[in-house]
Amino acid sequence: MKSLDFDFLNITWIDAIDVALVAVLIYYIYSLIRNTLAVNLVLGMVIIVLVYYIVKGLHMELLEAIINKFMSVGILALVIIFQPEIRRFLLHIGKSTFLQKNKAWWGYLFGNKSAEQDNLLRIKPIVDACKSMKKTRTGALMVFVKYYDDEYFNNSCEMIDSKISKRLLESIFQKHSPLHDGAVVISENKIKSASCILPLTDNDKLPAQFGLRHRAGIGVSESTDAVAVIISEETGEIAYAKQGRVRMNVSFGELEKLLNKDF
Ligand SMILES: Nc1ncnc2c1ncn2[C@@H]1O[C@H](COP(=O)(O)OP(=O)(O)OP(=O)(O)O)[C@@H](O)[C@H]1O
């Protein structure tokens, strides 16, 4: 293997690839945790590791032993603390694979050429319902997931399991409907459930006007691969949450494109 050989260090192409891959991994992790509380946790961990090496260098044995013990349970603690981020990271990798990205090939190979057209037809009643709810300033929270996780959603939701329809969505979110509080979950081409209570985001950098509806939409997109459409009751504005980040003032054209891509 060709290598750059300096007096004191020997760099092979494998080392260069290794460093490049680590850089990509760090960037990937950074973009996943950017603007989330996990950034503070990572900073806290970096500080602990730095303190550990300083203490070790100064031969402060007692403190070194304490930090060492703390770090030895660190991996387990990390898995628990970063469970939502790890879950999102793995889902992201799965979704980015070649075959997942090239759905057209799937369609071609398995005879489903009209998949894209079907998708737009599937999305149309949702966008139409958004148009009407925006006009009437009806607050709404719709969550879109590829695979419905019974364990995750069933605790708080009311099962519906019905065909997606504009009028059904409108009537669920209508103020006097018993199901209007909480989120509707849409998955596998169906309105799966309504009135779902979702986890709220802890993000303290969100705009002050974001209340519980927005925080629940962002929260579910942080901890799962779901995307959420939020219609504000106050302003009628449509927001789109994905991977813990939120896009404000989404137009209907954008909404259609985003749903077509993500759902
Ligand atoms: N944990 C939750 N999961 C799902 N929906 C929730 C949750 N908490 C509150 N909501 C919904 O949010 C509504 C309250 O919204 P709130 O006014 O706090 O939100 P907002 O983000 O300010 O939006 P808006 O602009 O519509 O007022 C509740 O009536 C309920 O339907």
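User: Which helix gives the largest share of the lining of the second largest pocket?
Analyst: In this predicted model, helix H11 (residues 212-223) supplies the largest share of that lining, with four residues.

User: How many residues line the second largest pocket, and which lie nearest its centre?
Analyst: The lining comprises 22 residues. Nearest the centre are Leu141, Gly211, Leu212, Arg213 and His214. The volume of the second largest pocket is about 490 Å³.

User: With what does arginine 213 form a salt bridge?
Analyst: Its partner is glutamate 233, and the closest N and O atoms are 3.2 Å apart.

User: How many salt bridges does the count come to?
Analyst: The count comes to ten salt bridges. One of them joins the side chains of lysine 192 and aspartate 161, at 3.4 Å from N to O. That pair links distant parts of the chain, with lysine 192 in strand S6 and aspartate 161 in strand S4, 31 residues apart. Lysine 192 counts as buried because its relative accessibility is 12%, whereas aspartate 161 is partly exposed at 38%.

User: And what does lysine 242 pair with?
Analyst: Lysine 242 forms a salt bridge with aspartate 262, the closest N and O atoms being 3.0 Å apart. Lysine 242 is in strand S8 and aspartate 262 in helix H12 (residues 252-262), so these partners are distant parts of the chain, 20 residues apart. Aspartate 262 is buried at 11% relative accessibility, and lysine 242 is partly exposed at 26%. Elsewhere, salt bridges that share partners join Asp161, Glu188, Lys190 and Lys192 into one network.

User: Changing topic: which cysteines form a disulfide?
Analyst: Cysteine 157 and cysteine 196 do, with sulfur atoms 2.1 Å apart, and the structure holds one disulfide. Cysteine 157 is in the loop between helix H9 (150-153) and strand S4 (158-163), and cysteine 196 is in strand S6 (residues 190-196).

User: Why is the disulfide right-handed?
Analyst: The disulfide is right-handed because the torsion about the S-S bond is about 125°. Cysteine 157 counts as buried at 12% relative accessibility, as does cysteine 196 at 2%.

User: Last one: which residues make the nonpolar surface patch?
Analyst: Ile54, Leu58, Met60, Leu62, Leu63 and Ile66 make a patch of about 620 Å².

Note on methods: Residues are numbered from 1 along each chain as its sequence is written. This is a predicted model: local features need pLDDT of at least 70, side-chain atom pairs count only at pLDDT 80 or more; totals for chains, interfaces and linings use all residues. Side-chain values use heavy atoms; hydrogens and water are left out. Patches are made of residues with over 30% relative accessible area and no salt bridge: like charges are joined within 9 Å, nonpolar side chains (Val, Leu, Ile, Met, Phe, Trp, Tyr) within 5 Å. Accessible areas come from the Shrake-Rupley method with a 1.4 Å probe; for residues, only the protein chains shown count as cover. A salt bridge is a side-chain nitrogen of Lys or Arg within 4 Å of a carboxyl oxygen of Asp or Glu. A disulfide is a pair of cysteine sulfur atoms within 2.5 Å. Helices (H or I, at least four residues) and strands (E, at least two) are DSSP runs, numbered from the N terminus. Buried means under 20% relative accessible area, exposed over 50%, partly exposed in between (1.4 Å probe, protein chains only). On a 1 Å grid over the protein atoms alone, a cavity is a set of points where a 1.4 Å probe fits but cannot get out, and a pocket is an open set with protein on both sides within 12 Å along at least five of seven lines; lining residues have an atom within 4 Å of a point. Grid points are joined across faces, edges and corners, and a volume is the space filled by probe spheres set on the points.
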